[in-house]
Amino acid sequence: MIHGQKEEVRFEESKKFLELIDQCKKQNPEALERFFELYSIDIYNFPMKVFQFSEEDAGDFFLYAFERLRDGKRFKSFRGDSSFKTWFYSVLRNLVMDWIRANKKSKVLQFYHYGSLTEVENEIFDELKSEDFIESNQIINLFYQTIDSLEEESRIIFKLVYIFYLNLDERDIQILKDKYNKSGYEIFKFVLEAKEYLVNKNLKLNQKKERLYRLYLKLIKLKEKEKELKMYHQSPFLEELQNKINQKTLNRNKIIQHQNPETIVIKTPFDKIGTFLGISTPTVSSIFKKTLNKIKNSQELKKIFTE
Amino acid sequence: MKDKEINKKVLKLLDEILNKDLKSFDFDEPELKEKINTLSNQELAELIQLYSEISKYEDSTEKKEVPEFYLFRVKDYYAKKRSLETKEDIPQLVIHYIKSTLKVIQNSIELNVQEVPISSYRGDNIKSNKVVLKDQKVEFSFIPQEKNTIMLSIFLENLTGSLTLKLLKENYIIDIKHFSNLSEQERINIEDLAYGNYTLDLKGSYNQKFRFVIED
């Protein structure tokens, strides 16, 4: 997984670069301008790649971060305890969190983590979500409240299944240590291995989605063309075109048929969780399913949908 | 979680892990494992979160170009900042550039200024002057070029140590050169300078700052 960054580290440890950062700390405008020349691309891309910001939001965030970094004061907190890049990414990450708080004004922080929770949200709420007036934030807030109110074991299993989207907090870590006798290192190792596995799974899924999307676009174009040809009665081409449309439709249906709805959401396999927690796979599966139903049937959530 | 609140211990450990070429996380480094094990729950949650995010970014490919509009905002901010700073009274040279020749209109720079005839760069018989400013260590030559542009040629003699040259046009930096070890003789050529207001700033073993205006 990690890290083809050796070359960059060398550059960022170079005397020249450290001099530049030193000048930024001294609030030298030329140095700061140079810094932005070098790092604008990271400021812009970081929220898109990590938090799935749209390009528009990434642009807003860029200006937000620029306003907070341009005078150089923030650089004073870089004391060389870590490499510059690690420090800078953690600053960027905090700025992203601040931006979300400032702009979304609600507890949807983790909603952005590893992309939107949309898939999970849909899996859980699809059958409930029928009213247009329900705001996504409301659902997400309630979703988190519901997770927080779950029993320890159910919450841990639920979070581990959806670890691609959710984070463990201090309380979860304490339970893993006390109840499941896990060390900090074991927790660290499990979560990161699971995330790496799920990132790869997500990549494959995205390729599939991309293929499907391209097929849909192609079909739309072909149907537009068909409409045009019908208008001008150019039948020799029309037949050929209709054959193409049929073929593409067949391909599309094949992909959809083979798409198991279960795999749309990226989940950690139950057996991995079972091995980690020292419980059987059916137990993990059964606790997870019960938890999922409990969330789906939450009275609070239902209230929102019937109001 | 503001950056001042990010635990130093977490940052240091994160750095250590990020800079290791880890193949799976089953690393056989008792010291590192021990460090992770001694983290508090909050620190461990932070470490996992930051590690996931940073490695996700580091592993991502095809980074998008920053739209010009945002880059312009950065440049514009510093240009305005400089413009406030450069309102200080600095010496100025105004050069009139017409019909392939240069003429000094106004000068307040304390250097020896001369208009020096040069042989025509086009090979015809048009008379042409360059403008030369010099003292014992440095010679600045403004030389006409094609397409109504000029070349600024700076000749440094017997200067040692370091030197930073900065050239701004309308308060935007258009050139920066840094020499950490000057040789006995050094020539710096900056070509294609069109009409406009420029500020030249030399700092280091030779200090000189002046504004020059090329007008038609």
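In this predicted model, strands β7(B) and β8(B) form a hairpin with two residues between them. Glu170(B) sits in the turn, and its phi is positive, at about 45 degrees.

Now turn to the open sheet of chain B. Five strands build it, in the order β3-β4-β5-β6-β9, and their pairing is antiparallel. Its edges are β3 (112-118) and β9 (185-193) of chain B, each of which pairs on one side only. Direction ignored, neighbouring strands in this sheet are turned against each other by 20 degrees on average.

Within that order, take β5 and β6 of chain B. Strand β5 covers residues 138-144 and strand β6 covers residues 150-157. Seven bridges hold this antiparallel pair. Glu139(B) gives a landmark here, standing opposite Phe155(B) in β6(B).

Next comes the contact between the chains. Chain A puts in 50 residues and chain B puts in 52 residues. On the side of chain A that touches chain B, the elements giving two or more residues are α3 (29-51), α4 (55-69), α5 (84-104), α9 (170-178) and α10 of chain A. Of these, α3(A) gives the most, with 12 residues. By class, this side of chain A divides into 24 nonpolar, 15 polar and 11 charged residues.

One helix pair shows the contact in detail. Helix α10 of chain A (residues 184-232) packs with helix α2 of chain B (residues 30-37). Their axes lie 7 Å apart, at an angle of about 100 degrees. An angle of 65 to 115 degrees counts as roughly perpendicular, so α10(A) is roughly perpendicular to α2(B).

Which residues of α10(A) meet α2(B)? They are Gly184(A), Tyr185(A) and Phe188(A). Facing them in α2(B) are Lys33(B), Ile36(B) and Asn37(B). Sorted by class, the contact of α10(A) with α2(B) has three nonpolar, two polar and one charged residues.

Technical notes:
Residues numbered from 1 in each chain as written. Chains lettered and ligands numbered in written order. Predicted model: local features only at pLDDT ≥ 70, side-chain atom pairs only at ≥ 80, totals over all residues. Pairing = 2+ DSSP bridges. Helix = DSSP H or I, 4+ residues; strand = E, 2+ residues; numbered from the N terminus. Axes fitted to C-alpha atoms, helices over the stretch in contact; angles between N-to-C directions. Parallel < 35°, antiparallel > 145°, perpendicular 65-115°, else oblique. Contact = placed C-beta atoms within 7 Å. Nonpolar A, V, L, I, M, F, W, Y, C, P; charged D, E, K, R; others polar.
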